[in-house]
Amino acid sequence: MTPRSLRLRLLLGAGAWVTLALVAAGFAIVLIFTTRMERDRYEDLLASLDRVLTAVSAETALPEVAPALNDPRYGAPAGGLYWQVLDVASGETARSRSLWDTVLTIAPPPPASTPALGTTIGPAGQLLDTLTQDVALAGDGGARRLRVSVAEDAAIRGRDIRDFAIDIAVALAALAASLILAGWLTVHLGLKPLLAVRRELEDVTGGRAAKLSETYPLEVVPLVNEVNALLSAHERSIASARSRADDLAHGLKTPLAVLSATAARFSGTGDTENAGVREILGEEM
């Protein structure tokens, strides 16, 4: 197919549109999934933060803090999920077994009482997403200000998002291939009547047919009608030219006959110079 091919143009246009549409759809789907994952991460961290907060009181010593967190990753070294309670005044901490001897460096949250998202570095040097809230507890020994934090390895959600993006890319690539194939079939079937017109025109030029048939789709019928009208006009033109040629030949018969008789008389009288006209007329006739 050449650049001037209508089939090639239609296929390239359909392929470009399908590719752009599916790429945009893929980005949109991954963005929606990422947003949902971020929301789920926040909700999971918030639920864990609430459980840690319920285990803290003004009278409870930090080493005795034991929140009801059933996820086994809190108990595995560098398990991916972590919690920590920091006494802002004394620097004393209570933390999950997954942190071992690591103390998370948590930036102070805003003064508002709502939890604040942030990031820090974990025990294995990995990036952690954190949710932190400062609480002030009043007890017999005086007020205590605690900084309560829960954290999750950012790679956990990132890996899920990456795997989802790969799955979506594979699915959309398969969909793109099927749509491009469907587009090719559509173009092929749509241009098939034009191929039939071409074959019939070859029959007309070869003398095997007088005109095109009219068994075509409605969109092609006007073209067929115009071609048939052109063929009819051409046929009438040829017939008219033949008729004029016959009339001209018929009109020349009498003058030629007179010239031939005159040349014969010149030949009979010995006028060989003028009698040569007969030979010329004989050659023309």
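**Close-up views of a predicted model**

Leu-6 lies in helix H1, which covers residues 6-54. This is a predicted model, in which local features need pLDDT of at least 70 and side-chain atom pairs count only at pLDDT 80 or more, while totals for chains, interfaces and linings use all residues. Residues are numbered from 1 along each chain as its sequence is written, and side-chain values use heavy atoms, with hydrogens and water left out.

**View 1. The chain as a whole has four helices and five strands.**
Helices (H or I, at least four residues) and strands (E, at least two) are DSSP runs, numbered from the N terminus. The order of elements from the N terminus is α-β-β-β-β-β-α-α-α. Of the 285 residues, 29% count as buried; buried means under 20% relative accessible area, exposed over 50%, and partly exposed in between (1.4 Å probe, protein chains only).

**View 2. Leu-6 belongs to a nonpolar surface patch.**
The patch is made by Leu-6, Leu-10, Leu-194 and Leu-223, and its area is about 330 Å². Patch residues have over 30% relative accessible area and no salt bridge; like charges are joined within 9 Å, and nonpolar side chains (Val, Leu, Ile, Met, Phe, Trp, Tyr) within 5 Å. Accessible areas come from the Shrake-Rupley method with a 1.4 Å probe, and for residues only the protein chains shown count as cover. Leu-6 counts as partly exposed because its relative accessibility is 46%.

**View 3. Helix H1 has 49 residues.**
From its first C-alpha to its last, H1 reaches 72 Å, close to the 72 Å expected at 1.5 Å a residue. The expected span is 1.5 Å times one less than the number of residues. Buried residues of H1 include Leu-11, Gly-15, Leu-22 and Arg-41.

A salt bridge is a side-chain nitrogen of Lys or Arg within 4 Å of a carboxyl oxygen of Asp or Glu. An α-helix has 3.6 residues a turn, so residues three or four places apart point the same way. Arg-36 is partly exposed at 42% relative accessibility, and Asp-40 is partly exposed at 22%.

**View 4. Glu-152 and Arg-157 form a salt bridge.**
Their N to O distance is 2.7 Å. Glu-152 is buried, with a relative accessible area of 4%, and Arg-157 is buried at 12%. Salt bridges that share partners join Glu-38, Arg-41 and Asp-129 into one network.

**View 5. Asp-129 lies in strand S4, residues 127-139.**
Asp-129 is buried because its relative accessible area is 10%. Its side chain makes a polar contact with the side chain of Arg-41 at 2.8 Å. A polar contact is a pair of N or O atoms within 3.5 Å; within protein, one must be able to donate a hydrogen and the other to accept it, and residues adjacent in sequence count only if both atoms are side-chain atoms. Not counting residues up to four places away in sequence, Asp-129 touches Arg-41, Leu-45 and Glu-152, among others; contact means heavy atoms within 4.5 Å.

**View 6. Val-85 is in strand S1.**
Val-85 is buried, with a relative accessible area of 0%. Its contacts beyond four places in sequence include Val-52, Val-56 and Leu-146.
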